Amino acid sequence: MKTHQTELNFSSPQRGTYNITDRIQSALMDSGIQTGLCHIFIQHTSASLIITENADPSVRQDIEYWMGKTVKDGDPHYRHNYEGDDDMSAHIRCMITDTSQTIPITAGRLNLGTWQGIFLYEHRAGRFDRKLVITFQGS
């Protein structure tokens, strides 16, 4: 079994979802692994990783609508607000979603469903640089 690990950096200009599937697939191709697992981990507590529909952007708009309605910025009961009104809400949003994803690798490709994509989900309102650690294992 072979293991290949790499880090990818992404800039998120504002709160929202950003399709990173192609960058992960490109890193997989560089690894040479044909069959196995891809594990993606984001090294942050205010941004996350989601797998969701990649064809209709209204799906992601609806996710953000629900998240904004459910986890409000600036809740006066939050004690942690060192970096602004979106600070604690971003941490909660991250807990509701995921900091990692694992995807099967088949024939040198991420074995996602037809309408699935991997998205970095930025939970803060401003611009941030995010680092992901991607580990490929297999043969």
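This is a predicted model: local features need pLDDT of at least 70, side-chain atom pairs count only at pLDDT 80 or more; totals for chains, interfaces and linings use all residues.
User: Which side chain of opposite charge is nearest to Asp 87?

Analyst: Asp 87 is buried, yet it has no salt bridge. A salt bridge needs the charged atoms within 4 Å, and the nearest side chain of opposite charge is 4.2 Å away. That side chain belongs to Arg 124.

User: What do the buried residues of helix 3 pack against?

Analyst: Good one to look at in the structure. The buried residues of helix 3 are Asp 87, Ser 89, Ala 90, His 91, Arg 93 and Cys 94. They pack against strand 4 (47-53), helix 2 (57-70) and strand 7 (116-122).

User: How many residues of strand 7 are buried?

Analyst: Strand 7 pairs antiparallel with strand 2 (residues 16-19) over 4 bridges, and Thr 17 has Tyr 121 as its bridge partner there. Strand 4 also pairs with strand 7 in the antiparallel sense, over 7 bridges, with Leu 49 opposite Leu 120. Strand 7 is largely enclosed by the rest of the structure, because the number of its 7 residues that are buried is 6.

User: Which strands stand at the edges of the open sheet of 5 strands?

Analyst: The open sheet has the order 1-8-3-5-6, with antiparallel pairing. Each edge strand has a single partner strand, so one side of each is left without a neighbour in the sheet. The edge strands are strand 1 (2-12) and strand 6 (109-110).

User: Which residue of strand 8 does Cys 38 stand opposite?

Analyst: Let's follow strand 3 (residues 36-42), which pairs with strand 5 (residues 100-106) in the antiparallel sense over 6 bridges. In that pairing Leu 37 stands opposite Pro 104, and Cys 38 stands opposite Ile 103. Strand 3 also pairs antiparallel with strand 8 (residues 128-138), over 7 bridges. There, the residue opposite Cys 38 is Phe 136.

Notes. Residues are numbered from 1 along each chain as its sequence is written. Side-chain values use heavy atoms; hydrogens and water are left out. Buried means under 20% relative accessible area, exposed over 50%, partly exposed in between (1.4 Å probe, protein chains only). Lys and Arg count as positive and Asp and Glu as negative; His and the chain ends are not counted. Two strands pair if DSSP finds at least two bridges between them. Helices (H or I, at least four residues) and strands (E, at least two) are DSSP runs, numbered from the N terminus. Contact means heavy atoms within 4.5 Å.
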